[in-house]
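User: I am new to this structure and would like a close look at one part, the place where the ligand sits. Please describe that place and what surrounds it, step by step.

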Amino acid sequence: MSVTLQLTYEMSKALGVPRLELDGPETVADVVRTVESRFGDAGADFAKLTRVTAIAVNGVLVNYRRGMKTRLGEGDVVAFVKAAAGG
Amino acid sequence: MIKGYAGRILEIDLANCSFAFKPLDEAIARLYIGGKGYGTRLLYDRTPAGIDPLGPDNPLIFATGPLNGSVAPQSNRFAVVCKSPLTGGIGNATCGGSFALGMKKAGIDILIVERCAAAPIRIEIDGDRDEVLFHDAAELWGKGTYATQECLGKKQHHAVIGPAGENQVLYAGIVSNERIAGRTGVGAVMGSKRLKAVSVQGSRKLDMEDPEKFKEYTIEVRKLFKDHPVLGNSMKRFGTGAIVNTANARNILPTRNFQRGSFSEAMKISGEYLEDHELRGVKSSCIHCPVTCGRDVDVEGVGRVKGPEYETLALMGSNLEIGNLKRISEWNYLADDLGMDTISLGASLSFAMELHERGVLDAGISFGDPEGVSELIRDIGHRHGIGDDLANGTRRMSEKYGGEEFAMHVKGLELSAYDPRGSFAQGVEYATTNRGGCHVQGASMYMESVGPLTINPQNLKLKADIPVVQQNLACAINSMVLCIFTTYGIIPKAVHEMNPNSLRYRALALAFENMGPLLRTAMGMKGPPMLWFEKWLSYITGSKFSGGHLQEIGARIFNLERMYNLREGFTAADDTLPDRILHESTFEHMQSGHPLGQLLPKYYKNRGWDTQGVPTPRTLERLQIRI
Ligand code: SF4
């Protein structure tokens with residue numbers, strides 16, 4: 001199963017890529033764990049950043065589903081969301 | 001006169017170049033504050049139903065409020081009110097720049113420009129001498145807003161139009177410095193009067209009830225802003241463009257004329273990218289504002305000019321499927337110089353692209369391709385060729401060419417850059433806002449999809465309540481006149497610092513979501529002034545303003561606008577959203593679009609309106625609205 005990660009700007013800078021494709025994660029928690037272990041120090045920075053960003057699957061925050069235990073499906077887009085303001 | 005006001009209205013008749021200073025009506029000021037509120041009252045009282053918005057009977061009202069002329073952060077805005085040529089209903093827009101300060105220094109709270117000049121004209125107001133001079137503006141006519149202001153010099157404060165206003169592009173705006181009163185076509189009304197520019201000067205000082213307290217407290221507020229995660233950090237560092245990535249992640253970033261809610265190249269048009277690649281450290285601000293949300297960018301062949309804000313990045317970027325910041329900056333400059341609203345412009349361009357794609361109109365522009373866009377923007381500003389059609393906005397284009405179901409407007413005003421299918425309260429706000437599809441008349445999306453404490457934006461809870469509270473607050477803010485971005489400071493730092501995936505955060509969001517009518521009751525309570533703008537108003541005017549007072553005043557203004565629209569023939573049928581938003585989905589799990597039909601009856605009830613969306617006599621009486 002493959003999912004796409006849409007990163008915040010800071011995450012993208014830390015990991016050196018604008019987006020990521022991951023094979024295998026079954027839950028949102030798996031996504032964070034996989035990236036953390038695969039990218040070494042940058043992965044640790046990424047994990048830290050996940051603590052100040054909300055997480056959405058296909059645009060819907062996992063907070064309204066099962067949080068980090070939210071299950072993923074083939075082709076899902078997991079996006080990290082930073083609060084922002086403006087207009 | 002109440003402190004904080006100059007106490008004068010200046011009435012100018014362009015048909016015979018005459019003017020008169022009249023006293024400000026204290027009773028109206030107490031009920032409507034100033035700015036948009038006072039302006040709406042004047043428009044309602046001075047005009048009959050059915051006037052031609054581009055004819056001599058439509059007054060152009062420039063209105064300040066009691067906070068203008070002070071050094072309070074974000075207190076630099078003025079409101080413009082008139083009948084909108086784009087919607088046929090209430091028209092208004094607010095603008096930063098320095099014109100509001102100029103008006104107050106000249107001792108003028110409100111300027112009413114009546115009838116039309118026979119030939120291009122400009123006005124100079126000297127408030128110290130109580131003098132108004134009328135000058136031939138033939139030499140300025142045809143010049144862009146930048147060149148016009150340069151010719152007029154720095155001694156005075158200006159409000160000008162560009163070629164788009166002169167040519168009555170229906171979404172032309174009025175420009176002061178680099179800021180624009182963009183929405184609803186107020187610049188077209190100024191153009192219809194052949195009024196190129198208003199320049200104002202004076203040396204009066206604002207009289208306050210308690211200047212010491214005001215000064216002390218303003219120092220405190222500056223510190224609070226500096227320390228705030230939004231006003232002192234994200235908006236300062238990345239400008240409003242910081243929303244691009246957030247909206248993209250939430251699937252509400254308008255893409256391909258609202259066909260989708262996310263754009264693969266969003267990162268490249270974001271505020272963060274702008275900061276890293278284009279900006280080179282130059283931020284710009286309205287006067288007295290420490291937030292500095294403006295960005296300056298280099299545009300080839302022009303030099304350093306104001307950069308694009310979020311709405312422009314989305315409506316002229318993702319919504320056209322163009323991820324090229326340089327081109328968007330160039331178009332933003334062109335639109336500012338021609339004097340046009342980039343929201344309506346971007347939506348008109350995306351509508352033309354979709355018509356082109358469907359083989360209905362040979363617009364010469366396509367999604368994803370910047371080719372031909374600059375030329376078309378110029379043609380719109382000058383009403384040349386196909387640009388003449390686009391200059392009328394999406395509603396009129398759809399009446400001519402078809403495609404009403406994907407013409408993205410409400411009441412004729414093009415939607416701004418938050419797709420309501422992922423932001424249900426914002427959808428209710430778009431549908432009911434009196435000037436049409438706009439986000440800064442409430443900004444409900446901040447409470448449900450982009451801000452720090454977001455409730456589930458895709459259920460029905462609170463979605464008919466948030467817009468009422470937010471619209472009322474925005475009406476009050478636009479009457480002081482403050483920048484609406486000040487409301488982003490209301491959610492405290494502690495909430496911003498919570499882990500959004502923690503249980504504590506989720507419990508807080510859940511509690512908020514389940515507040516129901518308690519939200520409106522809590523917001524309506526008339527306690528002591530708590531927030532900075534409530535305190536500023538109180539220190540300046542000497543009257544006590546609490547959140548509850550502002551809710552009441554805001555509701556009064558909102559309902560008066562509603563009565564104006566009803567008088568113009570609007571009905572409940574106009575409280576709707578584009579078919580695409582109602583019936584197409586951009587979310588995998590959604591069967592259809594926005595559930596407006598389920599939310600509108602509750603919204604009407606919350607407002608004290610009957611089932612046809614008409615304010616009941618009781619509501620009008622409760623709010624002391626004289627009709
Ligand atoms: S927040 Fe931005 S738009 Fe508002 S007053 Fe400050 S600089 Fe101007």
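Analyst: The space that the ligand takes up is the largest cavity of this predicted model, where a cavity is a set of points, on a 1 Å grid over the protein atoms alone, at which a 1.4 Å probe fits but cannot get out, and a molecule counts as sitting there if more than half of its atoms lie within 2 Å of the grid points. Around the ligand (a heavy atom within 4 Å) are B:Gln74, B:Asn76, B:Arg179, B:Ser285, B:Cys286, B:Cys289, B:Val291, B:Cys293, B:Cys483 and B:Phe485. This shell divides into six nonpolar residues, three polar and one charged, with Ala, Val, Leu, Ile, Met, Phe, Trp, Tyr, Cys and Pro counted as nonpolar, Asp, Glu, Lys and Arg as charged, and the others, Gly among them, as polar.

As for the domains, whose bounds come from an automatic or database assignment, chain B has domain 1 (8-201), domain 2 (244-402) and domain 3 (420-622). Because domain 1 and domain 2 of chain B both give residues to the shell, the ligand lies between them.

The C-alpha centres of domain 1 and domain 2 of chain B lie 26 Å apart, and their contact (heavy atoms within 4.5 Å) takes 34 residues from domain 1 of chain B and 34 residues from domain 2 of chain B. The area buried between these two domains, meaning the accessible area (1.4 Å probe) that two parts lose on being put together, summed over both, is about 2,600 Å², of which carbon and sulfur atoms give 53%. On the side of domain 1 of chain B, the residues that lose the most area to domain 2 of chain B are B:Tyr146, B:Tyr171 and B:Arg179, together 28% of what that side buries; B:Arg179 is also one of the residues around the ligand. Between domain 1 and domain 2 of chain B the count is two salt bridges, a salt bridge being a side-chain nitrogen of Lys or Arg within 4 Å of a carboxyl oxygen of Asp or Glu. B:Asp341 forms a salt bridge with B:Arg183, with the closest N and O atoms 3.0 Å apart.

Residues are numbered from 1 along each chain as its sequence is written, while chains are lettered from A and ligands numbered from 1 in the order in which they are written. Local features need pLDDT of at least 70 and side-chain atom pairs count only at pLDDT 80 or more, whereas totals for chains, interfaces and linings use all residues, and side-chain values use heavy atoms, with hydrogens and water left out.

Notes: 1 Å grid on protein atoms, 1.4 Å probe; cavity = no way out; pocket = protein on both sides within 12 Å on 5 of 7 lines; lining within 4 Å.
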